[in-house]
Amino acid sequence: MSQDTIYSKKLPSVPPFEFNENVAGVFNDMIHRSVPLYRETVKRQAQLAARFYTKGTAIIDLGCSNGNFGMRLLNEMGKRPLRMIAVDNSAPMLAIYQKLLDNHPSGNQIELIQANIQDLAMEPASVVILNLTLQFLPIAERDALITRIHQTLTPGGILLITEKVIHEESQLSALQQEFYYRFKGENGYSNLEISQKRDALDNVLVPDSVETHTARFNAAGFTKVDIWQKWFNFTSFICMKDEEES
Ligand SMILES: C[S@@+](CC[C@H](N)C(=O)[O-])C[C@H]1O[C@@H](n2cnc3c(N)ncnc32)[C@H](O)[C@@H]1O
């Protein structure tokens, strides 16, 4: 795993964060050191996806990056066949994912699509994954995407979503930030790396609060919503579509 040193030297000016070739090359190191409980999140999401997947439908991974979820899911499914569509707009991320699929005996069950997830023509799905990706969409486009996901889910289907969140109360928000930067420091990021990455993500990653997410899920039609994992400013939700809905 190549080490993430992208922000280790003082940059004359910090460009906005992009999922480009440099980031794709160090993505696994970056995400494990920057997202608390990442391994646990992907593992449980793969287990949930395998549990809720129904034959004749798809699993759709929106913002799939280099395939950590997909590869985990293939192992989780074992010999059970599946249809999965994995979507990302970053070509370097998908190139890494495709190589992993080419080297996996059941890798041909996952179809990679390079597209903006807002533009994707969806197909009936029993599971949709939206992991650490909604936060990168313009705020004005988030409601419509969640509504389309609700529409594309089959009755009893699930949306699994993890996001960086912001607390609505300022002292609690500051406490979450403090512990988040502490976590990054414990994982070997210097103060310079932490502050330059924060600048790069400013206006690129815009977190919502748990309340905003929950209201959006409810407005889209999800009545069964649970937070199955929470770590300060990171939250994993499961949203279930009612059995009797179509
Ligand atoms: C933090 S990563 C997601 C991590 C991944 N889901 C995982 O669990 O390992 C965000 C991904 O979303 C992709 N992305 C961001 N905005 C997108 C958009 N509008 N359409 C498609 N992909 C997008 C980025 O290229 C990036 O690979």
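Where does Asp242 lie? Asp242 sits in the segment that follows strand E7 (234-240); strands (E, at least two residues) are DSSP runs numbered from the N terminus.

This is a predicted model, in which local features need pLDDT of at least 70, side-chain atom pairs count only at pLDDT 80 or more, and totals for chains, interfaces and linings use all residues. Residues are numbered from 1 along each chain as its sequence is written, and side-chain values use heavy atoms, leaving out hydrogens and water.

**Asp242.** Asp242 is buried, at 12% relative accessibility. Buried means under 20% relative accessible area (1.4 Å probe, protein chains only). Leaving aside residues up to four places away in sequence, Asp242 touches Pro155, Gly156, Thr223 and Lys224. Contact means heavy atoms within 4.5 Å.

**Cysteines.** The disulfide count is zero. A disulfide is a pair of cysteine sulfur atoms within 2.5 Å. The sulfur of Cys64 is 20 Å from the closest cysteine sulfur, in Cys239, so the two are too far apart for a bond. Cys64 is buried at 5% relative accessibility. Cys239 is buried too, at 0%.

**Ligand.** The ligand is surrounded by 18 residues, with Tyr38, Gly63, Ser65, Asp88 and Asn131 the closest. A residue counts here if one of its heavy atoms lies within 4 Å of the molecule.

| Side chain | Ligand atom | Distance |
|---|---|---|
| Asp88 | oxygen | 2.6 Å |
| Gln118 | nitrogen | 3.0 Å |
| Asn131 | oxygen | 2.8 Å |

Taken alone, the ligand exposes 600 Å², and the protein buries 94% of that. Accessible areas come from the Shrake-Rupley method with a 1.4 Å probe.

Technical notes. Buried means under 20% relative accessible area, exposed over 50%, partly exposed in between (1.4 Å probe, protein chains only). Helices (H or I, at least four residues) and strands (E, at least two) are DSSP runs, numbered from the N terminus. A polar contact is a pair of N or O atoms within 3.5 Å; within protein, one must be able to donate a hydrogen and the other to accept it, and residues adjacent in sequence count only if both atoms are side-chain atoms.
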